Amino acid sequence: IMDAIKKTFGEIIRQHREQQNLPLRKVAAYLDIDTSTLAKFEKNLRHPNREHITKLAELFTLDEQELLVLYLSDRVAYDLVGETNSEQVLRVAEEKIKYIRSKNTVQGEIKF
């Protein structure tokens, strides 16, 4: 994960696709999406769903949880990039996550 922190999710996907000499159309077919959608994933213009992330991890032999962390951290970063108090927002969000989990956890399961 540490090597990929300075890259976006889309850049990581593109890098792995190119390293394996896979054309957009083959990866898109594997994901059951059109080529333009995959190109938008790589340009960070569209967001993959959880199933796409699972399939990308399988295709590129990546740890699915690490890939998910990179994807979700991108989403948060893009949401906060223009905010002057982004670090404070992240600290408060971390505490809110703990609070929500503690309120919604029953016998080890999170319910919403």
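Asn21 is exposed, with a relative accessible area of 68%, where exposed means over 50%, buried under 20% and partly exposed in between (1.4 Å probe, protein chains only). The model is predicted: local features need pLDDT of at least 70 and side-chain atom pairs count only at pLDDT 80 or more, while totals for chains, interfaces and linings use all residues. Residues are numbered from 1 along each chain as its sequence is written, and side-chain values use heavy atoms, with hydrogens and water left out. The protein has 6 helices and 2 strands, where helices (H or I, at least four residues) and strands (E, at least two) are DSSP runs numbered from the N terminus.

**Overall layout**

- From the N terminus on, the order of elements is α-α-α-α-α-α-β-β.
- Of the 112 residues in the protein, 27% are buried.
- Among contacts (heavy atoms within 4.5 Å) between residues at least 6 apart in sequence, 52% join residues at least 24 apart.

**Positive phi in loops**

- Most residues other than glycine have a negative phi.
- Asn21 has a positive phi of about 50° although it is not a glycine, and it is found in the loop between H1 and helix H2 (24–31).
- Asp32, also not a glycine, has a positive phi of about 60°.
- Asp32 lies in the loop between H2 and helix H3 (35–42) and is exposed, with a relative accessible area of 65%.

**Helices H1 and H5**

- Two packed helices are described by the angle between their axes and the distance between the axes.
- The axes of H1 (residues 9–19) and H5 (residues 64–80) come within 9 Å and cross at roughly 140°; axes are lines fitted to C-alpha atoms, for helices over the stretch in contact, and angles run from 0 to 180 degrees between N-to-C directions.
- H1 and H5 are therefore oblique to each other, given that angles under 35 degrees count as roughly parallel, over 145 as roughly antiparallel, 65 to 115 as roughly perpendicular and the rest as oblique.
- On the H1 side, Phe9, Gly10, Ile12 and Ile13 meet Leu67, Leu70, Tyr71 and Asp74 of H5.
- The residues of this contact comprise 6 nonpolar, 1 polar and 1 charged, with Ala, Val, Leu, Ile, Met, Phe, Trp, Tyr, Cys and Pro counted as nonpolar, Asp, Glu, Lys and Arg as charged, and the others, Gly among them, as polar.

**His52**

- His52 is in helix H4 (residues 50–60) and is buried, with a relative accessible area of 11%.
- Leaving aside residues up to four places away in sequence, His52 touches Leu31, Ile33 and Phe41.

**Cavity and pocket**

- On a 1 Å grid over the protein atoms alone, a cavity is a set of points where a 1.4 Å probe fits but cannot get out, and a pocket is an open set with protein on both sides within 12 Å along at least five of seven lines; lining residues have an atom within 4 Å of a point.
- Grid points are joined across faces, edges and corners, and a volume is the space filled by probe spheres set on the points.
- There is 1 cavity of 30 Å³ or more, and the largest cavity has a volume of about 80 Å³.
- Residues lining the largest cavity include Phe9, Phe41, Tyr71 and Asp74; H5 gives the most to this lining, with 4 residues.
- The lining of the largest cavity has 5 nonpolar, 2 polar and 3 charged residues.
- The second largest pocket holds about 150 Å³ of space and is lined by Ser73, Val76, Ala77, Leu80, Val81, Ser86 and Leu90.
- H5 supplies the largest share of that pocket's lining, 4 residues, and the lining has 5 nonpolar, 2 polar and no charged residues.
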